[in-house]
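Welcome! Open your viewer, keep the selection tool handy, and follow along stop by stop.

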Amino acid sequence: MDHSFPQKVLEHLFSFIDSNKDRNAISLVSKSWYEIERRSRKKIFIGNCYAVSPTTVIKRFPELRSITLKGKPHFADFNLVPDGWGGYVYTWIEAMAVSVPLLEEIRLKRMVVTDESLELIAKSFKNFKVLVLISCEGFSTDGLEAIASNCRNLKELNLQESEVEDLSGDWLCYFPDSYTSLVSLNISCLNNEVNLSALEALLGRCPNLQTLCLNHAVPLDKLPSLLSQCPQLVELGTGVYSTEEMHPDVLSSLITAFSGCKQLKSLSGFWNVLPSYLPALYPICSRLTSLNLSYAIIQSSDIVKLIGQCPNLLRLWVLDYIEDVGLEAVAASCKDLQELRVFPSDPSCLELNNALTERGLVSVFKGCPKLQSVLYFCRQMSNAALSAIAQIRPNLTRFRLCILEPHTPDYLTLQPLDSGFGAIVEHCKDLQRLSLSGLLTDRVFEYIGTHAKKLEMLSVAFAGDSDLGLHYVLSGCENLRKLEIRDCPFGDEALLANAAKLETMRSLWMSSCSVSYGACKLLGQKMPKLNVEVIDESGPPDSRPDSCPVEKLYIYRSIAGPRLDMPGFVWTMGDDSSRKLELDVAGVEAQFRNL
Amino acid sequence: MNEMTRNERESSEERKLELRLAPPGVENWFNTSNNNKQRAYDYDYDYESKLSLGNFLHFPSNKAIVKGKESSSSQTCCPKSVELQNGDNKVTAVSNTSQKRTAPGPVVGWPPIRSFRKNLATSSNSKPSPPESHTQQHNKVAGKKPIDNFGKGLFVKINMDGVPIGRKVDLNAYDSYQNLSSAVDELFRGLLKAQRDSSSCRGNKEEEKVISGLLDGSGEYTLVYEDNEGDRMLVGDVPWHMFVSTVKRLRVLKSTELSAFTLGTKQDKIPT
């Protein structure tokens, strides 16, 4: 029994604690702390929507105001998860509509959201404020109409990278004239035109608007008038950044409009750039902290001219048109840079591109002392470069390297890139996220298992020689939460030997590896706290021998038991056959409901 | 130790069922290299003894054993050809083991970028033009109307009779009905065959049947679509550009079903 502090004092103390990690820790101290914490928790983050049931969450946290849910595995981003896999949010919305009417915020990532779900949100939560749908799908502009019409207190509507069935651009008109509370609007994923006059009117009556990300269908000549309605913007995503013919008056109105935006710090959009319009940005470059040019097909020299005027950049996303020479310019100008992402302009072309190499990457690391998060697509790499990076920048926390052609060795020595990545994990002791590529043997995994003690997420493709590789990682990486693997010769041995480890992780994805159906079944039977799901589009795995490798495997810990909404090509291992028919029916029903 | 003696006494059959909670100890996990090679494909493989429910275990660090593992040629299951990588050699390609079809081509999901980032280079210019001639450049760069996708995929669902699993195709990746038809053939050929095959996963040496005649009614299957007004149409009647801007879903129907399948005004939702 807790005689220390009276409950009210503890409640007050806990109210200052926001971070979920801290609150989770608090809840483990004692029964009374658990109780006090759970009754005061307002925000919950659920990294895997199938790990827990909505009822359990709602029962434990009756004062919930904000929920974040993630659905499909990360590799769904690259089309490795077949359509219909799952991640439906409807059951969550349904449960919360009944029991959490004061819910204010819903943030979803990689989930299937139907118009039905959106309509239910719009009807059920009177004080609804924030809707963030990142990489979601399943809904249309009809659902947005419901949100716009009913959510009088809406502050944020963010549809980043979602797939929306764009039936009509008039959904914006459904925001009533009395609606003025918009703070953040991101519609960059929409394919068709939105009603521009409705948009302009909306911007004009929402004085607190800070973020506006348009879609590519918004013509450039409309941008100045839109901006004039919201000069207080902090973050802007342009529409298309060109016109059929260069118009000097468009340029001058752009210059005026941008100059009027005194708070603008972040720019993105830039679909189809006409370089003659870039000078319109020069007046605001010095204030920019974030610049996303990853859709902009412009030459290195134009990029350099722009970036050269952005000394305060913290975050830069570009295409590989920037070339090594452009990255050297970044290294010279952007001394505060923290995050860099370089995307491939022509990913299917595997020819060596001498303009963007490992040299550009090394130069940015040399010049930018705060650089800690990198995503880099290139065609050649060397152990020497990786070692250099490791020693220059031990504060690296996120390092994702993608050498476009699988199995590419060190181009100088033709050796595997084991030692280079080994140097990275050895020197960068705070590394949280790592993606590997290139020619790699089991050795790199030995290095990772030995050194990468803070690593939380690892992505592996076309690497390793044997189960030892997987074993090193599972047995060595103490903080590993997410592991995703494709096309590696990892099989049953390492998986079964480290079965207990899987309960300490959020999830494991393995596709095109050598894990047999028999091993999956065993794992499913013996590990009740894991859902072991086999994904196989070629038919039921038990129509083949147990020794046959499964196509795809997704294992995650869960206290909700096996899920009931699986499509015909997903099987949960360890289920007894008496439940199978129930599950098949439920799965089919779920599929139809969510069509 | 008692357990060990008991194991020795029990028949191999019972041993297989017994879950071992202790480290492998004497029993060599990787056995001989012979057994190794057969491991993944051994019908009587003893999974249970490999399962560890205790603390994380350490493999015997016998690296020599594991080298020969994947070079097994006796592949009774789904054919895979994984070649060992030798550091001294040049890059060797590994066939995508998840594909049932043997058609070569781009690896699914590689490189790991989102679909809306693909085709950026091909949808406008393949290379940015030099900055001098701006007038020429903008004609090339901004040639397309804003409604067209700038490298964003135009994905539509496509279902095929006899295949329960639907797919999606990116119409922006094609510029003609012919290309689309070939793509549909490639997409479903393997799946259709898999549906037809019975349980065995071995010996898919039989030829996959090419799906042809999708556009002219001459084949076993015909390609139809649902447009933005809900009407069902035969693919190929209107100019390509118009088709792309109105198509909402695609369907590969058995040609014999065509007359039964109501073309024109929508009655019910297209069943999946």
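## Stop one: a pair of helices

Start by selecting residues 442-451 of chain A, helix α17, together with residues 467-476 of chain A, helix α18: these two pack at an angle of about 5°, and their axes are 8 Å apart. Because angles under 35 degrees count as roughly parallel, α17(A) is roughly parallel to α18(A). Keep in mind as you look that this is a predicted model.

Now show the side chains where the helices meet. On the α17(A) side you will find Asp442(A), Phe445(A), Glu446(A), Ile448(A) and Gly449(A), and facing them in α18(A) are Leu468(A), Gly469(A), Tyr472(A), Val473(A) and Gly476(A). Colour this contact by residue type and you get five nonpolar, three polar and two charged residues.

## Stop two: the nonpolar cores

Stay on Ile448(A) for a moment. Along with Tyr241(A), Phe258(A) and Phe399(A), Ile448(A) has the most contacts inside the largest nonpolar core, which has 211 residues.

Next, select Phe258(A). Which residues is Phe258(A) in contact with, leaving aside its neighbours within four places in sequence? They are Leu223(A), Leu227(A), Leu236(A), Tyr241(A), Leu264(A), Leu267(A), Ala280(A), Leu281(A) and Ile284(A).

Then move to chain B: Leu191(B), Ile211(B), Tyr225(B) and Trp240(B) are among the 26 residues of a second, separate core.

## Stop three: a covered helix

Finally, select residues 115-124 of chain A, helix α6, where seven of the 10 residues are buried. Those are Asp115(A), Ser117(A), Leu118(A), Leu120(A), Ile121(A), Ala122(A) and Ser124(A).

Conventions: Residues are numbered from 1 along each chain as its sequence is written. Chains are lettered from A and ligands numbered from 1 in the order in which they are written. This is a predicted model: local features need pLDDT of at least 70, side-chain atom pairs count only at pLDDT 80 or more; totals for chains, interfaces and linings use all residues. Side-chain values use heavy atoms; hydrogens and water are left out. Axes are lines fitted to C-alpha atoms, for helices over the stretch in contact, and angles run from 0 to 180 degrees between N-to-C directions. Helices (H or I, at least four residues) and strands (E, at least two) are DSSP runs, numbered from the N terminus. Angles under 35 degrees count as roughly parallel, over 145 as roughly antiparallel, 65 to 115 as roughly perpendicular and the rest as oblique. Contact means heavy atoms within 4.5 Å. Ala, Val, Leu, Ile, Met, Phe, Trp, Tyr, Cys and Pro count as nonpolar, Asp, Glu, Lys and Arg as charged, and the others, Gly among them, as polar. A nonpolar core is a set of buried Ala, Val, Leu, Ile, Met, Phe, Trp, Tyr and Cys residues joined through side-chain atoms within 4.5 Å. Buried means under 20% relative accessible area, exposed over 50%, partly exposed in between (1.4 Å probe, protein chains only).
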